[in-house]
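Visitor: I am new to this structure and would be grateful for a guided account of it.

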Amino acid sequence: MPAVLPHYQALPLPERLASRFPSVDVPACPASFKGVPPPVHLPWGLKPVGSAASGIDTLTDGRTRCWIRHEVVRGVTPRMLAWWFAHLEGDVEVGSVRINRYRVWHPYDHVHASYARRLPDGSVGPGAAIHLREMLGANPAFVVDVVTDIEKLDEEGFIHNPVVHGIRGLARMEYRFKAVAEGTQYENCLLFGGRGTVARSLHPLLSRLAFPAGKGAAWLRHNIEEVGMFENFLPGLYRQETGLDG
């Protein structure tokens, strides 16, 4: 099994990536990539788990809820965030290096993002779907490889529903954005488990298959780190591609 690279280790120097990416630029990993994603060298560190309030609860209907109230995302507006989730494909320049933007969003864990389904006009919004592949904590035991249906995407927030092992309704991701003086107050949660008597009876089995022990904590850490990364690249990318400041 490939070694797991802890997040607290220093990011590798650019020359460490030269043999894998001779062009220096860091492309997207294909959706079929199965190994531990090669770390991406960035000039920014990752925010610590303690920078956000977070927790894991069991709801009265038996579902598991992992929730986060992030530190204010400074310099980032709700409009930028709504734009981002509709423009996950593509690259971003970091210094003189061009890097796949999804991999910049989390330099250890992210593998691949593409739109599995767009709207008839080619845009992305409710009714579209995203294919995501990531490895939480760079841990091969915590691979996420899903197509997720977009239910809501605007300046108030983002809701999408991953299809887990071919089953809809087991997982739900809810994000809320609120403009504040310094940027955006960003809250999100992951809901796992079905509703109803049958679904509740199957919850222990489904949890072992799709949401094993430790995966919730890994998701909390991963999400705090990726949301913290927005401050470093999203304002510049948004300005470059839209011509707008916010």
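Visitor: By class, how many nonpolar, polar and charged residues has the lining of the largest cavity?

Guide: This is a predicted model in which local features need pLDDT of at least 70 and side-chain atom pairs count only at pLDDT 80 or more, while totals for chains, interfaces and linings use all residues. Residues are numbered from 1 along each chain as its sequence is written, and side-chain values use heavy atoms, with hydrogens and water left out. Ala, Val, Leu, Ile, Met, Phe, Trp, Tyr, Cys and Pro count as nonpolar, Asp, Glu, Lys and Arg as charged, and the others, Gly among them, as polar. The lining of the largest cavity holds four nonpolar, three polar and three charged residues.

Visitor: Which element gives the most to the lining of the largest cavity?

Guide: On a 1 Å grid over the protein atoms alone, a cavity is a set of points where a 1.4 Å probe fits but cannot get out, and lining residues have an atom within 4 Å of a point. The lining includes K47, H70, I224 and E231. Helices (H or I, at least four residues) and strands (E, at least two) are DSSP runs numbered from the N terminus. With four residues, the element that gives the most is α4.

Visitor: Is H70 buried or exposed?

Guide: H70 is found in the loop between β2 (64–69) and β3 (73–74). Buried means under 20% relative accessible area, exposed over 50%, and partly exposed in between, with a 1.4 Å probe and protein chains only. Because its relative accessibility is 5%, H70 counts as buried.

Visitor: With which side chains does the side chain of H70 make a polar contact?

Guide: A polar contact is a pair of N or O atoms within 3.5 Å; within protein, one must be able to donate a hydrogen and the other to accept it, and residues adjacent in sequence count only if both atoms are side-chain atoms. Another, of 2.9 Å, links the side chain of H70 to that of N188.

Visitor: Which residues lie nearest the centre of the largest pocket?

Guide: A pocket is an open set of points with protein on both sides within 12 Å along at least five of seven lines. The lining of the largest pocket divides into 23 nonpolar, seven polar and four charged residues. Of its 34 lining residues, those nearest the centre are E134, V144, V146, P162 and M173.
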